[in-house]
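Hi everyone, thanks for coming. Let me put the sequence and the structure up, and then we can walk through them together.

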Amino acid sequence: MTVTLASGSPRRAKILSALGVRFDIIKTDAQEVSYPEDPERTVVENALAKGAAAAGCRNVLSADTIVWFASKIYGKPRDLDEARVFLRELSGKTHTVFTGVAFDGQAKVVKSDVTFRPLSDEKIDEYVRRVRPTDRAGAYDIDESGDLIVEHWTGSYENIMGLPVEPLREWGIVE
């Protein structure tokens, strides 16, 4: 089966490639919602909207990932200054990564917890220089220089990257 990945995320493409999944990419411009008091609803509605925006395609896989801490949703920062603010706010704290994954109208949510190291302004500046944080929920990528800022995590590593494997197995996309 060839999957249509309704996402421009290089991290999601990397995960599918590593799993040996054949896929085509279609970028969608679905309107995203944000419910800070209900992060699961946020990621489900966004993942389903991205999938629906790929109307006419078959085997559509879409996802939405957010970082959630203290009833605040951290999506992609608007600029480097906001990325620094996000990293400063998450410094030394544990937050939850929620990913909603949708496949042909079905949706599942996977959660993982991530604890950041205490981060000085110098460490944040170093991280921002190494990584393009404006293209990452919460302004970070655990797979790219994550060792600089992440102390530890629980749950699915792929979820923290933006595409958990567990729903893909349930739907028969991977073995």
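The lining of the largest pocket divides into 12 nonpolar, 10 polar and 11 charged residues, where nonpolar covers Ala, Val, Leu, Ile, Met, Phe, Trp, Tyr, Cys and Pro, charged covers Asp, Glu, Lys and Arg, and polar takes the others, Gly among them. Please keep in mind that this is a predicted model: local features need pLDDT of at least 70, side-chain atom pairs count only at pLDDT 80 or more, and totals for chains, interfaces and linings use all residues. Residues are numbered from 1 along each chain as its sequence is written, and side-chain values use heavy atoms, with hydrogens and water left out.

A pocket here is an open set of points on a 1 Å grid over the protein atoms alone where a 1.4 Å probe fits, with protein on both sides within 12 Å along at least five of seven lines; lining residues have an atom within 4 Å of a point. The volume of the largest one is about 640 Å³, counted as the space filled by probe spheres set on points joined across faces, edges and corners. Of its 33 lining residues, Arg12, Glu32, Lys50, Asp64 and Lys76 are the closest to the centre. Strand S3 (60-69) is one of the elements giving two or more residues to that lining, and its four residues are the largest share.

Is Thr65 buried or exposed? Thr65 is buried, because its relative accessible area is 14%, and the cut-offs are under 20% for buried, over 50% for exposed and partly exposed in between (1.4 Å probe, protein chains only). Its side chain makes a polar contact with the side chain of Thr99 at 2.9 Å; that term means N or O atoms within 3.5 Å, one able to donate a hydrogen and the other to accept it, with residues adjacent in sequence counting only if both atoms are side-chain atoms. A polar atom of the Thr65 side chain also lies 3.4 Å from the backbone oxygen of Gly162.

Finally, two alanines. Ala70, in the loop between S3 and strand S4 (72-74), has a positive phi of about 50° and is exposed, at 61% relative accessible area. Ala139 also has a positive phi, near 70°, but Ala139 is buried, at 0%.
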